[in-house]
Amino acid sequence: MAYEVTATRKRPQRFEDLVGQEFVVSTLKNAIEQGRIAHAYLFSGPRGVGKTTSARLLAKALNCVNGPTAEPCDQCDNCRGIAKGSSLDVIEIDGASNTGVNDVRVIKEEVMFPPTSSRYKIYIIDEVHMLSQSAFNALLKTIEEPPEYVVFIFATTETQKVPATIRSRCQQFNFQLIPLETIKGLLAQAASEMGIEAEDEALFWIAREATGSMRDAYTLFDQVVAFSNGKITLAQIREKLGLVGIDRINAIMQDVLAKNQSGSLDKIHSLLAKGVSIEQIIKDFTEYFRSLLLIRKGVKSENVLGEQVSSFTAEIRGAFNEEQLEAALDMFLNLYRDIRYSLNPRFELELAISKLSKLRYVASTASIIEQLARLKNDLINGTITPLNPALADMKTVQPEAPATPVQEPAPAEETPAETVSAEPVAEETVEPPANEEEEPVANDSPTVDLSVLKDILPLGTVDVQNTDDGLVLTFDKKFYYQTAYRNLQSIRETIQTRLRGNINVILAFSDNPNNSVSDEQSVAAPAETVPETQQETPITETAPAPEKPTISSGMSDEQKNLINDLILCFDGREENL
């Protein structure tokens, strides 16, 4: 007896044997049992999932001598003739080679004659989307009102190419991809019937490569059986078919994580020396990072991953975040497209493997800006927001109160601090609340108990003085001075609430806090009682601009550069610290 390929030998002969298409099977069986036979069917779906097989099963069910029946006997002449493809009343036509109007004209002439020995004359047109537009138009009238003994069954892998006028005249059935586990089980059954021992990992690989097509799985299975000598192993498949294998990629990634670039490149060269193609290596790396990305997103199904989760070490699964895995996947996808135009594809692959060593430091522009914004807010507010997800549950660290002791109030005869505008006028003018009445600026008491202000003073305050013009807060670092100036209104309200009085607040900057405040620049908070006309009047500079202050010994060069970079990034200007 001649050899018969597994795909033909294992072709389903009953509806119950058709796997992965439960909806199609149940609908067709119910329609046959109820006598609701349509005059045209359209079977669509990927290759190798059972479209043509379903068409033949439907033909057997309609023409069986016991039918129409959902369970044909497979013993009568009609059933055997349909199974062998020799039935005169079941005509199979290849749409790819019979595309013209003349071919359709032959069909239109044949349908006028009733079947010779069967109940129905059935036309199975495979790859129907290959027919020309004129051929489709010639079929319209025939499939809309055919003789009662004629049934059309169309099969196609590209439904969108079938005109809507044809689809509207047919009952449509969409076939689905067959699950990986189902394919694996059928392959194990076929190997058992043939007396072949097969490793579970080897069958899993064949089922994964089939990508949901049962015919592709059987075809690849026959090829593997031919060189396996009665025992199918993954090692043999890898060696004979020139595959990389997930264990080899894991070894390369271990070198990448250890920053051993020479080791990872040596392994790539070893694969190339064994005959593994560059395209296959790129493809395997692409599938590898896709699986890692899906695992990172919480996907556990092997049908979706195409790999077993246990195949990836815990170190590799936790080494990269989603953004980095997406970057790696995108790199290999682009590499596969680019190598066809490359000067040397091998150089492109080596460059990609070299870039993997820096994968841990990959970050998008959006994430960098987000982290800079968070860092800036932390510097302004004096808090620490953890960026590490593992520290997300920690409480925000609040800054401690200034350690500099509060000095005694200045004598009454001391010259009050002059105000110098250190910021744009628009920022210095603070509108008073509309719901409060205007009153003259006044201190509730010439002697204010400054000890009650220790826990509410702005970060960076080194000196506090109670003068006739108000409460003077002195800073020795310009960054803290500018930060307090931006929050001047809230600082003033907080101090007034604590002191329970209407007291003015003045900010002063000095790189030497022991000097008199009047020798440095300061800015007074606009009091609530200042008339509106006076608030709109620009504050003029009454003292010469101070010289550029020297960098405080308490601020390192690294801190100064960091603050300058942040301010330059967000405000577009550089500060002299």
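Strand S3 (residues 121-126) pairs with strand S4 (residues 150-156) in the parallel sense over 6 bridges. Helices (H or I, at least four residues) and strands (E, at least two) are DSSP runs numbered from the N terminus, and two strands pair if DSSP finds at least two bridges between them. The model is predicted: local features need pLDDT of at least 70 and side-chain atom pairs count only at pLDDT 80 or more, whereas totals for chains, interfaces and linings use all residues. Residues are numbered from 1 along each chain as its sequence is written, and side-chain values use heavy atoms, with hydrogens and water left out.

An open sheet of 5 strands contains both elements, in the order S2-S3-S4-S1-S5 and with parallel pairing. Strand S2 (90-94) and strand S5 (171-174) are at the edges and have a single partner strand each, so one side of each is left without a neighbour in the sheet. From one strand to the next, the twist averages 15° (axes are lines fitted to C-alpha atoms, and angles run from 0 to 180 degrees between N-to-C directions).

Thr461 stands opposite Phe475 in S9. S9 is mostly covered, with 6 of its 6 residues buried (under 20% relative accessible area, with a 1.4 Å probe and protein chains only).

The largest pocket has a volume of about 590 Å³. A pocket is an open set of points on a 1 Å grid where a 1.4 Å probe fits, with protein on both sides within 12 Å along at least five of seven lines, and lining residues have an atom within 4 Å of a point. The volume is the space filled by probe spheres set on the points. Among the 26 lining residues, Arg11, Pro12, Gly48, Gly50 and Thr53 are the closest to the centre of the pocket. At least two lining residues each come from helix H1 (6-9), helix H3 (51-63), helix H8 (180-193) and helix H10 (214-228), and H3 provides the largest share, 4 residues. By class, the lining has 9 nonpolar, 7 polar and 10 charged residues; Asp, Glu, Lys and Arg count as charged, Ala, Val, Leu, Ile, Met, Phe, Trp, Tyr, Cys and Pro as nonpolar, and the others, Gly among them, as polar.

Methods
Buried means under 20% relative accessible area, exposed over 50%, partly exposed in between (1.4 Å probe, protein chains only).
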